[in-house]
Amino acid sequence: MPHATRIQFFDVQDTRIAFRVFGSGPAVLLAFHGFGQSSVVFEHLQRAIGSRFTVFAIDLFLHGQSLHTGNPLLTKTSWQKLLDAFLETHGIERFSLMGFSLGGRFALATTEAFASRVDELLLIAPDGITRSFWYQLATSTRAGRALFRYMLHHLPILTDVGHALVQLGLLNRTAMRFAELSLSTPAQRDLVYRSWTQFRLISPRIPAIAQLLNTHPVRVRLFAGAFDRIVPGRYLLPLSDRLHRFELTVFRTGHNHLIELTAERV
């Protein structure tokens, strides 16, 4: 992996966006990472696309060094205002977007806000297209969030429930294993709770986004893993089924190696 580029900061009101810039290409690419990661994961792309793009890899809030100290509940309106200020400050008029997993939700929300300025949309096993029943249950109501917090503070109960759902065929075994790894420490459980609840309003409107992508000349490229049980390929269908044009690449891999494989194709 290349040596990590210097972290930079953009401050506006009560918010700090941490980001890294690499590459020297004429086109701009904004890249959003997955859960539990930071902007450094995109440096896998530097050798492959650094001559085509200047990449602004952004730390999502609660990850890396970005800070959002105002209202912890992030809305699409506040996200649009933050990105608009970021783009104006850096003199960016047109740009492309890349989002992996959780970052896919932010790439979609950015597309919804700025579709007329987007050249390419690259989604790698993106969150935000298909919402799971469990996510909706845990975040959509006050009672659900309280129950979610209780379960995270009483992990053996949550684990027992999860294994029971696996036995009943209601939860994939790989997804259960991923959940166990993601919840193994108090800090990880806190990150899961805060990310799920504080980002719950970053909910892209897929029919509206599809209409925007069909209206504007945006090149849409979708990447999935044939063995991905976290964001399986079928989760792309609510978007892809509405698009007039898109490109789909399916790698023979699971969830965790998709960024590196995508770098070879972009």
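Where is the place of Leu-62? Leu-62 sits in the loop between β4 (53–58) and β5 (67–68). The model is predicted, and local features need pLDDT of at least 70, side-chain atom pairs count only at pLDDT 80 or more, and totals for chains, interfaces and linings use all residues. Residues are numbered from 1 along each chain as its sequence is written, and side-chain values use heavy atoms, with hydrogens and water left out.

View 1. The relative accessibility of Leu-62 is 24%, so it counts as partly exposed; buried means under 20% relative accessible area, exposed over 50%, and partly exposed in between (1.4 Å probe, protein chains only). Ser-101 lies in the loop between β6 (95–100) and α3 (102–114). Helices (H or I, at least four residues) and strands (E, at least two) are DSSP runs, numbered from the N terminus. Ser-101 is buried because its relative accessible area is 12%.

**View 2. Strand β4 and its neighbours β2 and β3.** Six of the six residues of β4 are buried. Phe-53, Val-55 and Ala-57 are on one side, Thr-54, Phe-56 and Ile-58 are on the other, and both faces are covered. Strand β2 (residues 15–22) runs antiparallel to β4 and is joined to it by four bridges; two strands pair if DSSP finds at least two bridges between them. Phe-19 has Ile-58 as its bridge partner in β4. Strand β3 (residues 27–32) pairs with β4 in the parallel sense over six bridges. Here Val-28 has Thr-54 as its bridge partner in β4.

**View 3. The largest nonpolar core.** This core has 42 residues, and those with the most contacts inside it are Leu-30, Phe-32, Trp-79, Phe-95, Phe-106 and Leu-239. Helix α3 gives the largest share of this core, six residues. A second, separate core of 22 residues includes Ala-31, Val-55, Ala-125 and Leu-258. A nonpolar core is a set of buried Ala, Val, Leu, Ile, Met, Phe, Trp, Tyr and Cys residues joined through side-chain atoms within 4.5 Å. In soluble globular proteins, nonpolar side chains tend to be buried together. Phe-95 touches residues including Val-28, Leu-30, Leu-87 and Phe-114, when residues up to four places away in sequence are not counted. Contact means heavy atoms within 4.5 Å.

**View 4. Helices α5 and α8.** The axes of α5 (residues 142–153) and α8 (residues 186–198) come within 10 Å and cross at roughly 170°. Axes are lines fitted to C-alpha atoms, for helices over the stretch in contact, and angles run from 0 to 180 degrees between N-to-C directions. Helix α5 is therefore roughly antiparallel to α8; angles under 35 degrees count as roughly parallel, over 145 as roughly antiparallel, 65 to 115 as roughly perpendicular and the rest as oblique. Arg-145, Phe-148, Arg-149 and Leu-152 of α5 make the contact with Arg-189, Val-192, Tyr-193, Trp-196 and Thr-197 of α8.

**View 5. Thr-253 in its loop.** Thr-253 lies between β9 (247–251) and α11 (258–265). Thr-253 counts as buried because its relative accessibility is 11%. Among the residues that Thr-253 touches, not counting those up to four places away in sequence, are Gly-225, Phe-227 and Leu-261.
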